[in-house]
Amino acid sequence: MLHLFRSSIFYDWIQLESGEVFVLLLLHIHVFYLLLNVWNDGGCPTPGHQIAAIVMSFFMSFWNLFSGFLIARPLLPIWWRWYYWGSPIAWTIYGVITSQFGDLKTTFIETPTQGPQRLDLFIQQTWGYDHDFLIPVVFAHVGWVLLFFFVFAYGIKYLNFQRR
């Protein structure tokens with residue numbers, strides 16, 4: 001709750017639109033539930049916590065590698081881009097950056113190779129993030145949360161590894 005209070009003070013100070021604040025808070029809440037459900041899904045269908053740790057370390061390593069944070073999407077080879085779009089972390093980073101910086105057409109950034117450049121064009125050319133794609137990103141986030149929720153519910157109901 002304190003985080004939301006500090007965020008409201010910060011956003012009041014820089015005077016962003018309320019839609020941007022709503023999208024940012026929605027993405028924060030969704031990524032919390034998403035990662036919580038991912039860890040639940042890793043432990044639910046496996047018979048023990050050792051195997052769950054192995055499965056989840058595999059997925060989290062690849063999701064972080066192909067999220068666009070370490071290697072930008074335009075720099076990924078074409079045969080790996082499917083994994084970028086299959087990473088919920090990539091959707092989160094895409095949504096946060098485009099919701100906060102994708103519509104800043106009057107802000108310029110100084111780049112060493114190209115000189116001053118508009119911030120929205122820099123984000124689009126460097127990382128391939130387009131502000132017009134923000135609504136599908138939010139719906140994809142809702143889809144990821146629902147997918148992992150239903151996988152967890154299915155695993156709890158039908159995959160029972162307890163021995164009696």
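## Overall surface and composition

The protein has an accessible surface of about 10800 Å², and carbon and sulfur atoms account for 70% of that area; accessible areas come from the Shrake-Rupley method with a 1.4 Å probe, and for residues only the protein chains shown count as cover. This is a predicted model, in which local features need pLDDT of at least 70 and side-chain atom pairs count only at pLDDT 80 or more, while totals for chains, interfaces and linings use all residues. Residues are numbered from 1 along each chain as its sequence is written, and side-chain values use heavy atoms, with hydrogens and water left out.

Of the 164 residues in the protein, 37% are buried, where buried means under 20% relative accessible area, exposed means over 50%, and partly exposed lies in between (1.4 Å probe, protein chains only). Contacts are counted where heavy atoms lie within 4.5 Å, and among contacts between residues at least 6 apart in sequence, 60% join residues at least 24 apart.

## Secondary structure and annotated spans

The protein contains seven helices and two strands, which follow the order α-α-α-α-α-β-β-α-α from the N terminus.

An unreviewed UniProt entry lists residues 21–39, 51–71, 83–102 and 133–156 under "transmembrane region"; UniProt positions are given in the numbering used here, feature names are shortened, and annotations may be inferred rather than shown by experiment. In the model, residues 51–71 are 71% helix and 0% strand, with 29 Å between the end C-alpha atoms. Residues 133–156 are 96% helix and 0% strand, and their end C-alpha atoms are 35 Å apart.

## A nonpolar surface patch

Phe58, Phe59, Phe62, Leu65, Phe69 and Leu70 make a nonpolar surface patch of about 600 Å². Patches are made of residues with over 30% relative accessible area and no salt bridge, like charges being joined within 9 Å and nonpolar side chains (Val, Leu, Ile, Met, Phe, Trp, Tyr) within 5 Å. One of the patch residues, Leu70, is placed in the loop between α3 (49–65) and α4 (81–85), and Leu70 counts as exposed because its relative accessibility is 60%.

## Helix α5 and its surroundings

Helix α5 (residues 88–101) has 14 residues and reaches 20 Å from its first C-alpha to its last, close to the 20 Å expected at 1.5 Å a residue; the expected span is 1.5 Å times one less than the number of residues. The helix is mostly covered, with twelve of its 14 residues buried, and the buried residues include Pro88, Trp91, Tyr94 and Thr98.

Pro88, in helix α5, is buried at a relative accessible area of 1%. When neighbours within four places in sequence are left aside, Pro88 is in contact with Leu34, Trp63, His141, Trp144 and Phe148.

Thr98, also placed in helix α5, is buried with a relative accessible area of 0%. The C-alpha atoms of Thr98 and Leu24 are separated by 9.9 Å across 74 residues of chain, and residues touched by Thr98, not counting those up to four places away in sequence, are Asp103, Tyr129, Asp130, His131 and Leu134.

## Tyr84 in helix α4

Tyr84 is found in helix α4 and counts as buried at 1% relative accessibility. Leaving aside neighbours within four places in sequence, Tyr84 is in contact with Phe66, Ser67, Gly68, Arg73, Leu76, Ala90, Tyr94 and Tyr129. The C-alpha atoms of Tyr84 and Asn64, which are 20 residues apart along the chain, are separated by 9.6 Å.

## Salt bridges

Two salt bridges are found in a search of the whole structure, each defined as a side-chain nitrogen of Lys or Arg within 4 Å of a carboxyl oxygen of Asp or Glu. Asp120 forms a salt bridge with Lys105, with 3.2 Å between the closest N and O atoms. Because Asp120 lies in helix α6 (residues 119–126) and Lys105 in the loop between α5 and β1 (108–111), the pair ties together parts that are 15 residues apart in sequence.

Arg118 and Asp120 also meet through their side chains in a salt bridge, at 3.0 Å from N to O. Asp120 counts as buried at 7% relative accessibility, whereas Arg118 is partly exposed, with a relative accessible area of 28%. Through salt bridges that share partners, Lys105, Arg118 and Asp120 are joined into one network.

Terms used
Helix = DSSP H or I, 4+ residues; strand = E, 2+ residues; numbered from the N terminus.
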